[in-house]
Amino acid sequence: MESRILKEYKDSRSLQSQYILALDPISTDDLTHWECTIKGPLHSPFANHTFKLRIDIPQTYPLTTPICKFEPFAMPHPNVNFETGEICLDILDTNWSPVFNIQYIVEAIVWLLNEPNFKSPLNLDLANLLRFDDLKAYHDLISYHLNNSAK
Amino acid sequence: MNSTIIEKLPYLNQTSHYILGGRSVVAKLINTPYRLLLALFDAVKLQFWEQSNTDEFFIGQRWILNTIGFFFSSYGVICFITSILLNRFVLLSSIRSRRSNTNNTTILPSRLRFVLHFSVTLLLSIILFQPLLNSNLLSYPHRLFIVFTLSYIVETVVAISSNQIPLEGSDYSIFELSLQFYILKTMKVNITNSPELLADCMVAIASRIIIHFVEMFNTRKSRLLMSTCLNMTYLGFLMYRMSKNGFFSIPISIIFRHFPKLFSLFIVIASFTCYLLACAVRFNPTAFKLQNLQDLKFYSFMNNWSKHLNFNGDEDFSTIINKLAILLYLGTDNKDKNLNNEFPYVNVPLEINKLFTISSYLNFNIEGDEEIMDEETIIAEWGNGVHNNTSLLTKFIKFLKKCIANPNQLGNEATFSDDTQVDIDEKAYMTEINDTILSNDDDDDNDFNYLPDFNEEENIDDDDYDSDLDDISQDDSLYIMNALDLISPNTTILHSKKNLDWYLSTREIFSKHLQSQSRLTRSKYSTIKLNNSSESTFEENADDLSCAVCKANQRNIIFWPCKCFAVCEDCRISLSLRNYNSCICCRRPVNGYTKLQTK
């Protein structure tokens, strides 16, 4: 497990991505807690906002999934629990494979911001807006929440 | 006045003791201080015993007094003197042997050694049989202890004089015995009242006799055998007493001395029983192979346990049994502790009885699909059958019938099938092409004008054979139609998955042929393939062939049927323990794996 995380840490130093602004362990002494800053994808209601992710890596990693959460918790997204920041993503649950790494997970979360899935919602209001194709209300509600939390 | 005091206190009357006889001045000068000292010593001794027997002490004080008393008791003094003597001997011998390293000359002639050992053995035997002959055993511990120390001295001196390591018993050391006898004396326990104690003493003597016997006849190697017999007899006796009178009837010194042996013996027996049970589980009467047992974690240990123990035969029983128990208890976990680092870090199961397989990551190599299906149904049958005994019985009878019907096939199930290499001769090659075309014609709308799009062909990912099956057959139809002209169609229609797989494996050759301008020969095909593979696969992974899971070891496992080459042996095992059944790369179900020999 150690060598694997060390390798990912090494890779994260040379990480260049459009949406991942920072991917760092909270302390270099303990590589099991990571913090990540991502940028909202361009053509989504999350554009021009940055979000913080908290990643906790269990001892059994990579055989079991890391625990990923949005850190400030007030994240308006159909697949994110608004209260706790919990993320509903298939690769973080049943479809986990040990070949995925932290960077891959973060990229998947960025992708999730762009393409929400209303079939497995954690935020029912937003998911229902999306289900009935009320995109304007969906965008407005998200930007309302985001601007609210920014203040 | 003086005479009355001396009469009252007899310890002051030391006139009968003297060093020098006669009535000379010198004799008086020497004898008077001697008598005074003796009187003082006796007075102190008497006072001490009187004091220690009264009840005016706390437990702690009594304990301290007893401890001090030990150093002045005859046992303590003898033990002290003997240990100093033996220590000097050993030190002296080490100096001497350093001087004369080359010549192993013995100082004592062998006849003298024999006589010394024999005399001590005689003494020991007298002591051994004394409790059986007469009942007057008040000074028995005393005599026993003296003979015991004598035996120690003789053994050490003789062994060292002949440049050997003296044999010692780990159960009974002089110090332990002296302490035990002293405590028995202070507690006023008569040794004859307790058969366990008496037997303990006799075992101590017998163990010394064994040592001398072995030394006399120069058969050190047989000591362990004798010691084992003796100890087993005594432990049996102890067990009998324990079952008769209860655990606490046995004196605590004996529990301390012999319980570790009992406990070790228990560990050893339990471990061996577990191992035998594991062997029984592995035992396959239809196809007996030693390999089945080789997968067991303790296989190498059980085969080489005497080497692991590293014994010569001149150790005594308790040393060996404790060592064995420790080895068994530590098992394979303490790789770092250097005790048994010859165990491999991960024990690779070469082959496992399929009835116990949970994850298919444990299947070595590919097997025929039908066989796997069979085993799955068997597992399912067993799983269902567990719930009600009657159906289990019927299933078992069915299973037995199956075994009887074709025992050879059952034996083969455990091994990987030999026909993984498909014989490709030209006739089979062509007939199979025809058959696939024939079966294809039924499904498709015979569009012969369809021209294969080569670019699209290239886009088809190698991983997606199953989904793109129809496209492939259409693309290849042009070439295959040419082949049809040459060969008359054969009527056997091949629906089985095996043949389909074979057909799919030839697909690449077809596509290469379609792309190449001239006739494709084997050498041309191999060069094309070599170039392509070096371009496509090795470019991305050229620098990193480390395992995708742990990133520490080199990859050496290929999963079948998806052919993903991503993990190492250790990770395969840890994945299989977590019941992964699909490939970690492509998520397709895994039937088995092949291990590559890297380096």
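Modeller: Over all chains, a search of the whole structure finds 10 salt bridges, a salt bridge being a side-chain nitrogen of Lys or Arg within 4 Å of a carboxyl oxygen of Asp or Glu. This is a predicted model, in which local features need pLDDT of at least 70 and side-chain atom pairs count only at pLDDT 80 or more, while totals for chains, interfaces and linings use all residues. Residues are numbered from 1 along each chain as its sequence is written, chains are lettered from A and ligands numbered from 1 in the order in which they are written, and side-chain values use heavy atoms, with hydrogens and water left out.

One of these salt bridges joins Asp171(B) to Lys261(B), whose closest N and O atoms are 2.8 Å apart. Because Asp171(B) lies in the loop between α6 (140–161) and α7 (174–186) of chain B, and Lys261(B) in helix α10 (residues 252–282) of chain B, the pair ties together parts that are 90 residues apart in sequence. Helices (H or I, at least four residues) and strands (E, at least two) are DSSP runs, numbered from the N terminus.

Now to the sheet in chain A. Its β1(A) and β2(A) run antiparallel and are joined by 6 bridges, where strands pair if DSSP finds at least two bridges between them; a hairpin of 2 residues connects β1(A) to β2(A), and Asp24(A) has Glu35(A) in β2(A) as its bridge partner. Altogether 4 strands form this open, antiparallel sheet, in the order β1-β2-β3-β4 of chain A. At the edges stand β1 (20–27) and β4 (67–70) of chain A, each with a single partner strand, so one side of each is left without a neighbour in the sheet. On average, neighbouring strands of this sheet are turned by 25° against each other, direction ignored, with axes fitted as lines to C-alpha atoms, for helices over the stretch in contact, and angles running from 0 to 180 degrees between N-to-C directions.

Strand β3 (residues 50–56) of chain A pairs with β4(A) in the antiparallel sense over 4 bridges, and Asp56(A) has Ile67(A) in β4(A) as its bridge partner. Helix α1 (residues 2–13) of chain A packs on the sheet, touching β1 and β2 (30–39) of chain A, and its direction makes about 30° with that of β2(A); contact here means heavy atoms within 4.5 Å. Helix α2 (residues 102–114) of chain A also packs on the sheet, touching β1, β2, β3 and β4 of chain A, and its direction makes about 30° with that of β2(A).
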